[in-house]
Amino acid sequence: MRFKKIFIAGANGMLGTTLQKNIDTSEFLLTDLDTSDNIKFCDIRDIGETARIIKEYKPDIIFNFAALVDLEYCETNKDDCYLTNTIASINLFNLSRDMNIPYVFISTAGIFGNDKEFYTEDDQPYPLSAYGKSKYYTEQLLLNQEYEKYWIFRAGWMMGGGPDKDKKFVNKIMKKVKSGVKDLYVVDDKLGVPTYTKDFATSIMKHMEEDLPYGLYNMVSQGEASRYETAIEINKHLKLGLTVNKVDSNYYNEEYFAPRPYSEKLINAKLNKLDRNYMREWRVCLHEYLDEYFKN
């Protein structure tokens, strides 16, 4: 492995949990708010303590997987949102710069507005939500620095980690199924790309090994879908026999009040150009994920 000592913030979340299954953790310092036997406590919002931990460990690279990703929480707790997703993330970048080591930051398709259906790295973001703004501000601060040893990877609609870690759409559907719901009401006016944490994590590691040029990259699964189409695919693959009903976003206005763009479809234009797009088609990934965690 190119990097022998890797510091990971947010190692116990959806992406970090997936990465742990594909690495030798003896080469990593895994940190999170949610600790376990192999995960050390680190709150990246505590700037001084985070700096102490990292400087003591002396990593070769810093991975920042720590983030507040619940859009409604971010909308009503903006101070915490910006402290975590922007200020603390920039602090990790500054520590990387001071130690002359690379930095990996995870951004989101949610940085875009309502002006287009598909977005490449060349399109201008226009975030609508506090969550989207917190990620976009961090992107801009990195892109405008003279220090260029960083990778920004933009994710799509993430799925992965299983029922204990997955905080996103697929597990929300499966929780409803487990509770005995037979009729699902799913929006068909929100578009994006379901993106598998397993492919995302393994692609990051492969990019590190292959010396991917530093910079900003869209990195989502191949294809596109609406929330409704994703629910249909879950129902079909697991043979659940559910009735999946189309609704528009107004149906969930009270529950999901944070502003969201109608389309978060990313195209991995830069990775395609470099012939380094290792992300698989979203249905293939969804089936694999469902079979591993939800088949029974």
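Student: In which order do the seven strands of the open sheet stand, and with what pairing?

Tutor: In this predicted model, local features need pLDDT of at least 70 and side-chain atom pairs count only at pLDDT 80 or more, whereas totals for chains, interfaces and linings use all residues. Residues are numbered from 1 along each chain as its sequence is written, and side-chain values use heavy atoms, with hydrogens and water left out. Strands are DSSP runs of E with at least two residues, helices are runs of H or I with at least four residues, both numbered from the N terminus, and two strands pair if DSSP finds at least two bridges between them. The open sheet has parallel pairing, and its seven strands follow the order β3-β2-β1-β4-β5-β7-β12.

Student: Which strands stand at the edges of this sheet?

Tutor: An edge strand here has a single partner strand, so one side of it is left without a neighbour in the sheet. The two strands for which this holds are β3 (40–41) and β12 (215–218).

Student: What angle does the direction of α4 make with that of β5?

Tutor: Helix α4 packs on the sheet, touching β1 (6–9), β4 (61–64), β5 and β7, where contact means heavy atoms within 4.5 Å. Axes are lines fitted to C-alpha atoms, for helices over the stretch in contact, and angles run from 0 to 180 degrees between N-to-C directions. On that basis the direction of α4 makes an angle with that of β5 of about 155°.

Student: Why is the pair of tyrosine 82 and tyrosine 137 stacked?

Tutor: Rings of Phe, Tyr and Trp (its six-membered ring) pair if their centres lie within 6.5 Å, and planes under 30 degrees apart count as stacked, over 60 as edge-to-face and the rest as tilted. The ring centres of tyrosine 82 and tyrosine 137 are 6.0 Å apart, and the pair is stacked because the planes stand at 25°.

Student: How are the planes of tyrosine 289 and tyrosine 293 arranged?

Tutor: Tyrosine 289 and tyrosine 293 are four residues apart in helix α10 (residues 282–293), and are therefore separated by about one helical turn. Their rings lie 5.5 Å centre to centre with 65° between the planes, an arrangement that is edge-to-face.
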